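Subject: Structure handover

Hello,

Here is the structure I promised to pass on. Please open it next to this email and follow along.

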Amino acid sequence: MEVELLQKKKNGEKSFTGAAASARACARVRTIILALVLVLSFLTGCDRGKAPFTVNPEIVFGERGRKADQLLNIDGIAVHGGRIYVGDVHRIQVYDDKGKHIRSLGRPGSRPGEIMEDVPGLAIDSRQRLIVVDPGNYRVQVLSLNGDFLMAWGGRGTDAGRFLRPQGVAVDGSGRIYVTDNSVNHIQVFSREGAYLFAFGKTGGGRGEFREPDAITIHHNKVYVADEGNGRIQFFDLQGHPLGEIGRITGALAPQVLQDDDYASSQRKMIRSYFRSDVEGIAFDRDNILYAANEDEGTIEVFRETGERIGAFTSAARGGMKKIQGLAVNSQGTKLYVCDLGNMRIQVFDLTTVKKMINK
């Protein structure tokens, strides 16, 4: 009897051990299957979306050279009152709305009103002042629209109010000035008089972190930043609190906007960007459509304000677009101005035409 009971006990232990092993094996199989599904989703289901379509530009102007009306290294761009302001090496080129050269502002140097290198960021505030990023002098300058020097601030360093490589600039509704620094990987905010207020961001790939922040724009009281090294556009409230990002997709659910707890999701490790190399200029139109320069692809990615990608386009002009830099939209929100660095020219697109092609 004791032998029989002992044998039953052993058989029961074997049965339990076998069941446990079977459960572990099933769990491993489920894990492998889930991983395969995620990889397949990432490689096939999460593609780059619709292929770019081609649009005829309304105006194309500019050429490479050192003459007064030529261009050497375009980047920042702003539009105001029928004038187009283009950041170039040691100067800002001014054109009328047909692309005719009017004048050049600035000259080489470090004195007030002078510019040491290129001009990667331009903005125009409500006082009709031209805000100029002057990275070669580690400063921001403020000029009149005729080029008269008004004020400047900055200096080399990482302390508050100083810069290592200032890039983009934007102005909010209260006149505060936001400046990206892609060496320090943060954004500094200043009063309209240039007084330092606060900064936000740090180096990294997580929520509110940057790798080479570049262009910046403000729309509906949100700050949008082209986070080049992370292949995304992050957006924040006006105090610098992160709200989400646009331009990347994940393997399983493929959201175009990652917000809040999505940053902590394990699926975040399987992120793919719509921007193959990096994102440069960004701008909104009157219909809350976001345009973002896909620099090395030579295309403009198009998103809704919600983050949904609705298309991409390139230029029908000879040579297309290459090494796209700054973008700007006119005050009416009807035209997109593109710094086509690779072809050393400005291309202007009618946004009604662009959106008609997107909606076909």
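Below is what was found, from the overall picture down to single residues.

**Overall**

This is a predicted model. The protein has two helices and 30 strands. It has 360 residues, and 53% of them are buried. Take the contacts between residues at least 6 apart in sequence: 46% of these join residues at least 24 apart. The accessible surface is about 16600 Å². Carbon and sulfur atoms account for 50% of that surface.

Start with the open sheet that runs E2-E30-E29-E28. Its pairing is antiparallel. Strand E2 (59-61) and strand E28 (324-329) are the edges, each pairing on one side only. On average, neighbouring strands here are turned by 15° against each other, direction ignored.

E28 pairs with strand E29 (residues 335-340) over four bridges, in the antiparallel sense. Within E29, Asp340 stands opposite Ile324. Now look at helix H2 (residues 351-358). H2 lies across E28, E29 and strand E30 (345-350). Its angle to E30 is about 65°.

**The cores**

Which residues have the most contacts inside the largest nonpolar core? They are Tyr291, Ile300, Phe313, Leu327, Leu336, Val338 and Val354. The core has 20 residues. Several elements give two or more residues to it: strand E1 (53-55), strand E25 (289-294), strand E26 (299-304), E27, E28, E29 and H2.

Leaving aside neighbours within four places in sequence, its contacts include Tyr291, Phe313, Leu327, Leu336 and Val338. Met321 and Ile324 are also among them.

There is a second, separate core of 16 residues. Val79, Tyr95, Ala328 and Leu341 are included in it.

**The loop between E27 and E28**

This loop links strand E27 (309-315) to E28, and Lys323 is found in it. The phi of Lys323 is positive, near 50°, though the residue is not glycine. Most residues other than glycine have a negative phi. Lys323 is partly exposed, with 37% relative accessibility.

Gly319 lies in this loop between E27 and E28 as well. Gly319 counts as partly exposed because its relative accessibility is 36%, between the cut-offs of 20% and 50%. What does Gly319 touch, not counting residues up to four places away in sequence? It touches Asn343 and Arg345. Gly319 and Asn343 are 24 residues apart along the chain, yet their C-alpha atoms are separated by 7.2 Å.

**Another positive phi**

Tyr138 has a positive phi too, about 55°, and it is not a glycine. Look for Tyr138 in the loop between strand E8 (129-134) and strand E9 (139-144). Tyr138 is partly exposed, with a relative accessible area of 26%.

**A buried arginine**

Is Arg91 buried or exposed? Arg91 counts as buried because its relative accessibility is 13%, under the 20% cut-off. This residue lies in strand E5 (residues 91-96). The side chain of Arg91 reaches the backbone oxygen of Gln70 at 2.8 Å. Beyond neighbours within four places in sequence, Arg91 is in contact with a list of residues that includes Gly65, Arg66, Lys67 and Ala68. Val86, Leu105, Ile115 and Val119 are also among its contacts.

**Strand E12 and its two partners**

Finally, turn to strand E12 (residues 177-181). Five of its five residues are buried. Both of its faces are covered. Ile177, Val179 and Asp181 are on one side, with Tyr178 and Thr180 on the other.

E12 pairs with strand E11 (residues 166-171) in the antiparallel sense, over four bridges. Val171 has Ile177 of E12 as its bridge partner. E11 and E12 form a hairpin with five residues between them. In that turn, Gly175 has a positive phi of about 90°.

E12 also pairs with strand E13 (residues 186-190), antiparallel again, over five bridges. Here the bridge partner of Ile177 is Phe190 in E13. E12 and E13 form a hairpin with four residues between them. Asn185 in this turn has a positive phi of about 65°.

Best wishes

Conventions:
Residues are numbered from 1 along each chain as its sequence is written. This is a predicted model: local features need pLDDT of at least 70, side-chain atom pairs count only at pLDDT 80 or more; totals for chains, interfaces and linings use all residues. Side-chain values use heavy atoms; hydrogens and water are left out. Buried means under 20% relative accessible area, exposed over 50%, partly exposed in between (1.4 Å probe, protein chains only). Contact means heavy atoms within 4.5 Å. Accessible areas come from the Shrake-Rupley method with a 1.4 Å probe; for residues, only the protein chains shown count as cover. Two strands pair if DSSP finds at least two bridges between them. Axes are lines fitted to C-alpha atoms, for helices over the stretch in contact, and angles run from 0 to 180 degrees between N-to-C directions. A nonpolar core is a set of buried Ala, Val, Leu, Ile, Met, Phe, Trp, Tyr and Cys residues joined through side-chain atoms within 4.5 Å. A polar contact is a pair of N or O atoms within 3.5 Å; within protein, one must be able to donate a hydrogen and the other to accept it, and residues adjacent in sequence count only if both atoms are side-chain atoms.
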